[in-house]
Amino acid sequence: MVYDLIVIGGGPAGYLAAERAGHEDMSVLLVEKRKVGGVCLNEGCVPSKSLLYSAKILEGARHGADYGVRCDNVSLDHAAVVARKNRVVNTLVTGVKGQLKRNKVTVAEGVAEILTKTAEGFVVAVKPASGPDGAGTENVGKRLLVATGSAPVVPPIPGVKEGLEAGFVLTNREILDLDSVPATLAVIGGGVIGLEMASYFASAGSKVTVIEMLDHIAGPTDGEISKILLANYKKRGIAFELGAKVVSVGGGEVKYEKGDQTLAVKAEKVLLSIGRRPVTEGLGLERIGVLTERGAIKTDSRGKTNVADVYAAGDVNGVSMLAHTAYREAEVCVNVMAGRRDSMRYGAIPAVIYSNPEVGSVGETEESAKAKGLEYECAKVSMMFSGRYVAENESGDGICKVLVDKKTRAVIGAHMIGNYSSEIIYGAALMVETEMVVNDIKEMVFPHPTVSEVIREAIFSL
Ligand code: NAI
């Protein structure tokens with residue numbers, strides 16, 4: 001059969017594109033080699049949030065006395081936490097499968113490989129992920145959408161490869177399925193994955209040490225917020241080695257260089273979370289001439305590659321590497337395929353760290369604004385301006401920063417640390433996206449009492 005569209009990869013970009021294209025009455029084949037839902041649903045965003053929510057309840061119970069609620073003998077049943085996580089994942093994966101079915105998408109389990117382009121379209125082989133050579137099918141698509149996502153970066157540090165094989169070193173995939181809580185956990189990389197997992201395992205009882213190459217955690221997050229987050233983590237007993245370069249892993253420890261010293265931290269398990277790289281190898285992209293740059297597929301703002309009728313969306317393009325970006329990129333691709341005008345805008349994509357406290361960011365930080373030479377004014381307020389925040393946080397140290405363009409008075413960035421930031425940041429993203437100006441925001445009514453009011457407080461403090 002000749003499909004209107006073959007989608008390779010069933011993560012957020014792939015499954016949403018397939019659903020939307022099916023809804024447009026395109027005949028769609030979606031090929032997935034592991035599990036529909038991709039990393040996000042099966043071993044990333046969703047399962048980690050399930051674990052973190054259990055940890056949040058645990059911390060709430062532990063600190064209940066501060067709020068007049070005494071809970072004795074509080075404990076965490078890690079196996080039950082993981083079992084619940086699996087139920088959450090199954091519910092959502094079943095939902096995605098249902099949506100694909102409703103939109104008449106054909107789903108093929110297997111590994112896709114582009115063979116050639118003929119007058120009919122792109123020929124894609126689908127082979128079983130394991131099994132005899134030669135098995136499988138050949139399919140033709142008038143269009144292709146590559147949405148193969150990303151995989152953890154595995155550095156050539158001595159012992160890492162062997163550690164991964166032996167189950168001593170874990171990535172985001174394996175750590176979510178540990179059947180017990182390690183007594184000691186070393187986390188290599190203090191970015192989003194490292195911080196979220198450090199948070200859960202510290203609550204669950206591990207002695208966690210985060211080893212980070214840079215002198216700060218949370219990568220491009222606003223510098224002040226990164227420091228507050230670090231202080232919160234340290235308060236919870238999580239140790240940090242910043243400005244540290246890992247030199248080897250093995251024998252139950254991680255060795256690293258810091259200044260002119262070589263040090264080591266003992267670890268029952270090691271989490272490797274130093275970033276992710278686009279997955280393009282073995283796809284056969286070179287057979288049809290698709291350009292890649294440092295492993296990522298080059299696309300324009302409409303998701304088009306250099307080859308006509310071949311699109312790419314999600315982590316594989318290496319641009320933003322977030323599931324919510326992938327969703328929108330997928331929609332853009334399908335709209336363009338359907339002949340509608342659409343393109344990606346990357347200036348107002350919110351980012352969240354689901355730590356406790358949560359961090360939410362959108363747009364320019366002070367650091368990025370300075371680097372670009374932008375003239376801005378920064379309003380900064382304590383979250384204690386919000387009545388709800390005070391009611392719900394004993395000794396909270398959250399802040400909210402709003403950056404405004406000095407000339408136009410439009411909001412160009414917003415950054416916050418404190419719980420509910422993950423939900424509030426969407427409102428700030430709307431302000432950045434629509435270039436709302438200070439006076440417009442002053443005339444808006446925010447629900448009271450909510451933590452979102454800190455945005456209004458920040459704006460009035462300008
Ligand atoms: P990341 O890029 O967020 O952080 C990696 C960290 O590792 C950086 O701070 C980097 O300086 C450090 N690093 C690199 N090499 C190192 C080395 N040899 N030794 C010590 N530190 C080293 O990458 P991460 O945490 O692996 O996350 C990967 C992707 O997953 C990101 O693209 C992120 O956007 C996505 N993600 C998003 C989440 C969210 O939105 N809440 C949650 C989890 C992942």
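Glu43 counts as buried because its relative accessibility is 12%, where buried means under 20% relative accessible area, exposed over 50% and partly exposed in between (1.4 Å probe, protein chains only). Before going further, note that this is a predicted model, in which local features need pLDDT of at least 70 and side-chain atom pairs count only at pLDDT 80 or more, while totals for chains, interfaces and linings use all residues. Residues are numbered from 1 along each chain as its sequence is written, and side-chain values use heavy atoms, with hydrogens and water left out.

- Glu43 sits in helix H2 (residues 38–43); helices here are DSSP runs of H or I with at least four residues, strands are runs of E with at least two, and both are numbered from the N terminus.
- Leaving aside residues up to four places away in sequence, Glu43 touches Arg34, Gly38, Asn172, Arg173 and Leu176, with contact meaning heavy atoms within 4.5 Å.
- Glu196 belongs to helix H7 (residues 192–204), and its 8% relative accessibility is why it counts as buried too.
- Again not counting residues up to four places away in sequence, what does Glu196 touch? Its partners are Ser48, Lys49, Leu52, Tyr233, Val352, Ile353 and Tyr354.

**H1 against H4**

- Helix H1 (residues 12–23) and helix H4 (residues 78–102) have axes that come within 8 Å and cross at roughly 30 degrees. The axes are lines fitted to C-alpha atoms, for helices over the stretch in contact, and the angles run from 0 to 180 degrees between N-to-C directions.
- That angle makes H1 roughly parallel to H4; under 35 degrees counts as roughly parallel, over 145 as roughly antiparallel, 65 to 115 as roughly perpendicular and the rest as oblique.
- H1 passes H4 in a left-handed crossing, meaning the near helix is turned anticlockwise from the far one by less than a right angle (clockwise would be right-handed).
- Tyr15, Ala18 and Glu19 of H1 make the contact with Val96, Gln99 and Leu100 of H4.
- Sorted by class, those contact residues of H1 and H4 are four nonpolar, one polar and one charged. Nonpolar covers Ala, Val, Leu, Ile, Met, Phe, Trp, Tyr, Cys and Pro, charged covers Asp, Glu, Lys and Arg, and the others, Gly among them, are polar.

**H1 against H9**

- H1 also meets helix H9 (residues 323–337): their axes come within 8 Å and cross at roughly 35 degrees.
- Which hand does the crossing of H1 and H9 have? It is right-handed.
- On the H1 side you'll find Pro12, Ala13, Tyr15, Leu16, Ala17, Arg20 and Ala21, and on the H9 side Ala323, Ala326, Tyr327, Ala330, Glu331 and Val334.
- The contact of H1 with H9 has eleven nonpolar, no polar and two charged residues.

**Aromatic pairs**

- There are three aromatic pairs by the rule used here: rings of Phe, Tyr and Trp (its six-membered ring) pair if their centres lie within 6.5 Å, and planes under 30 degrees apart count as stacked, over 60 as edge-to-face and the rest as tilted.
- One of them is Tyr200 with Phe201, edge-to-face at 4.9 Å centre to centre and 85 degrees between the planes; both residues are buried.
- Tyr233 and Phe240 form another edge-to-face pair, with 6.1 Å centre to centre and 65 degrees between the planes. Tyr233 and Phe240 are both buried.

**Backbone spots to check**

- Asn356 to Pro357 is a cis peptide bond, omega near 10 degrees. Pro357 is in the loop between strand S20 (351–353) and strand S21 (359–363).
- His448 to Pro449 is cis as well, with omega near -5 degrees, and Pro449 lies in the loop between helix H13 (438–442) and helix H14 (453–460).
- Ala218 isn't a glycine, yet it has a positive phi of about 65 degrees. You'll find Ala218 in the loop between strand S10 (207–211) and helix H8 (223–235), and at 5% relative accessibility it counts as buried.
- Met321, also not a glycine, has a positive phi of about 55 degrees. Met321 lies in the loop between strand S19 (310–312) and H9, and its 27% relative accessibility makes it partly exposed.
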